[in-house]
Protein chains: 2
Amino acid sequence: MTLRIALDAMGGELGPEEMVSGAIQAVEESDLDVVLTGDETILNRLLQEQSPSTTRLHIIHASQIVSMDESPFEAIRKKKDSSIARAFDLVKNGDADGVVSAGNSGATMASAIKSLGRLEKIARPGIASIFPTLKKPLVMMDVGANVDCRPQHLFQFGVMGAAFSDNLFQIKRPSIGLLSIGEEGGKGNVLVKNAHELFSKSSLNFIGNVEGRDIFQGDVDVIVCDGFVGNVCLKVSEGLAEAIISMLRTEMSKSIMAKMGYLLARKAFGNFGKRVDYAEYGGAPLLGVNGTGIVCHGRSNAKATKNAIKVAAEMIRSKVNDHIVQILSESEQVQAEEGQQDNGAAMNPGDTE
Amino acid sequence: MTLRIALDAMGGELGPEEMVSGAIQAVEESDLDVVLTGDETILNRLLQEQSPSTTRLHIIHASQIVSMDESPFEAIRKKKDSSIARAFDLVKNGDADGVVSAGNSGATMASAIKSLGRLEKIARPGIASIFPTLKKPLVMMDVGANVDCRPQHLFQFGVMGAAFSDNLFQIKRPSIGLLSIGEEGGKGNVLVKNAHELFSKSSLNFIGNVEGRDIFQGDVDVIVCDGFVGNVCLKVSEGLAEAIISMLRTEMSKSIMAKMGYLLARKAFGNFGKRVDYAEYGGAPLLGVNGTGIVCHGRSNAKATKNAIKVAAEMIRSKVNDHIVQILSESEQVQAEEGQQDNGAAMNPGDTE
């Protein structure tokens, strides 16, 4: 079956040109159909200019655009004909299988929940992010959708992140770490301490607390945190990576020797850039929604857009959502059995395997 | 008057050798006295080995050591003769003017509060950290002492950070940003939204929310956050900087060309390393304590220790604590006057200048 991905073609800070180019590349490199939602005059013109050799690109008109700093709830209430809303409507009506948007991520999440609803038993859908590390990609959740959380929410983020890591990166029983400020279970704020107890009692492959510096080592597969902390981590990482590159460039332009060195090592810099480029990973999946959605970085270019479209298709094909529901139900069963056995006292997670 | 700094010579992961070397360097480069607290047999031997040409180094015996992962409250209750406790006792008894420790930072904070108490009206002392940025050093507070905070605590972190930034970096009316996940005042979690209101009503130079990526740009002087978020930021930054350097080294060793390039650009790498080296800044000041204390990174070497000793002296000379009390009292006056004028409604911070 050919999958059809709806792309919010008006989202993102670089304009619809990049979105359209990304869509064309995705279609040319795969068997996917892509539906562009947005201003049909603009989109038709852009398609004509680039004249792709494919019939697998479609346009659905949307008269409104949600701006980047607009309140998500205002946006879904007042802009029912936005390019984001139209994209999710297509999925709701069975005319598309998933959505990609580089627009307002809060509005994208709100539209997703409004149109598609939540997965069974999921209290709070969230946004997962894929971090590059020294070893393998890491899934971090939540990175911005839920700024004030309860322990149960963090637990479900762990379940969702694990299902994604397993299905997309083929990591069996992914290890789950809880982001805290000390490795011992007693370290952290009240939220994290209580979430630690929930994870410890579960059948998940929970490895305990991890710290900020563990993110980039690549020794853990899924890191769980609330959306405030996760979003701060994401933006600190982006800001620092940019600052380091900028400082290195400055230092390297200060002498002829260093300049020559830079020229000789240029390819190494390029490879490095590729390893830390968010465009390689495409975007951040919305998990917990009863459907498939990907939010991309606001500055997504054609390549990031293309990759996000492919990841959306991969999420649908690998049935991530079924897996989430399955792990959650298994983990509830274990919790219920434990409750009967020992009245809820903490067990060694290894014992439950 | 000669200042005397007490150094917890048993703290830190690199052993007392580095502490003793740092103390010797500090004394040789300044007119300070340094008192080393710790095992006198070990410290006497180390001093003899390095035979410094100074009489401004002293040893006070302490029979116990607080380990890095020990509970701070257990440590101060059970280890009254630890090198940390002895250092603060010296200050309490007027035999030293400030303390530097690279040991257990929680225990250092707990000892400081126990021996010296809090500054007038300060609810929660905290740990400030100095971040390198593309422009000037940034003060971030709190970075680990207070993991669950109320809005008033964040407000006081801003006051303390501003006093430190003014006195140590000569920045008049330092700009204060509140770390959040969106620039608008309405963005963030409940804690941050409420703190935003407090700052907006104050006479401080509050510039509103800032985001994680603003940390390294150097456009804001003080960033305020709770100790959980601050500590995560600190460790994410350390971990990412290390990962980037490691990735670049790997890429640069992959070809002869890149290797030659690295050799030519070596000095640039060195300069870069210096810019991001925490040892340049020495350590993180404890602010809000009725006295002077600096906690250093656990992996502090002699240079970091030396610099921390100098920063401690600078904090004492510049009377940071007097400044904190003064700003806090001024800001309370403004709050009280506003309360009378408009019954507490939010004013434009610009209006109060």
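Me: Which elements are included in what covers the buried residues of α1(A)?

Reply: In this predicted model, the cover over the buried residues of α1(A) includes the strands β1 (4–8), β2 (33–38) and β3 (57–61), together with the helices α2 (40–50) and α11 of chain A. The buried residues themselves are A:P16, A:E18, A:M19, A:V20, A:G22, A:A23, A:I24, A:A26 and A:V27.

Me: How should I think about the spacing of positions along a helix?

Reply: An α-helix has 3.6 residues a turn, so residues three or four places apart point the same way. With that in mind, you can go through the buried set of α1(A), which has A:M19, A:A23 and A:A26 among its members.

Me: What span does helix α1 of chain A reach, and what is expected at 1.5 Å a residue?

Reply: Helix α1 covers residues 16–28 of chain A, 13 residues in total, and from its first C-alpha to its last it reaches 18 Å, which is close to the expected 18 Å. The chain around this helix has 12 helices and 11 strands, and 56% of its 353 residues count as buried.

Me: How is chain A divided into domains?

Reply: The domain assignment gives domain 1 of chain A as 1–117 + 289–318 and domain 2 as 134–279 + 322–353. Their contact takes 11 residues from domain 1 and six residues from domain 2. On the side of domain 1 that touches domain 2, α5 (105–116) and α11 (302–317) of chain A each supply at least two residues, and the largest share, five residues, comes from α11(A). That side of domain 1 divides into three nonpolar, six polar and two charged residues.

Me: How many residues of chain B are in contact with chain A, and which helix of chain B gives the most?

Reply: There are 49 residues of chain B in contact with 49 residues of chain A. On the side of chain B that touches chain A, α8 (227–252), α9 (256–264) and α10 (266–276) of chain B each supply at least two residues, and α8(B) gives the most, with 19 residues. The residues of this side divide into 27 nonpolar, 10 polar and 12 charged.

Note on methods: Residues are numbered from 1 along each chain as its sequence is written. Chains are lettered from A and ligands numbered from 1 in the order in which they are written. This is a predicted model: local features need pLDDT of at least 70, side-chain atom pairs count only at pLDDT 80 or more; totals for chains, interfaces and linings use all residues. Domain bounds come from an automatic or database domain assignment. Two residues are in contact if their C-beta atoms, placed from the backbone, lie within 7 Å. Helices (H or I, at least four residues) and strands (E, at least two) are DSSP runs, numbered from the N terminus. Ala, Val, Leu, Ile, Met, Phe, Trp, Tyr, Cys and Pro count as nonpolar, Asp, Glu, Lys and Arg as charged, and the others, Gly among them, as polar. The expected span of a helix is 1.5 Å times one less than its number of residues. A residue is buried if 20 or more other C-beta atoms lie within 10 Å of its own, exposed if 12 or fewer, and partly exposed in between; C-beta atoms are placed from the backbone.
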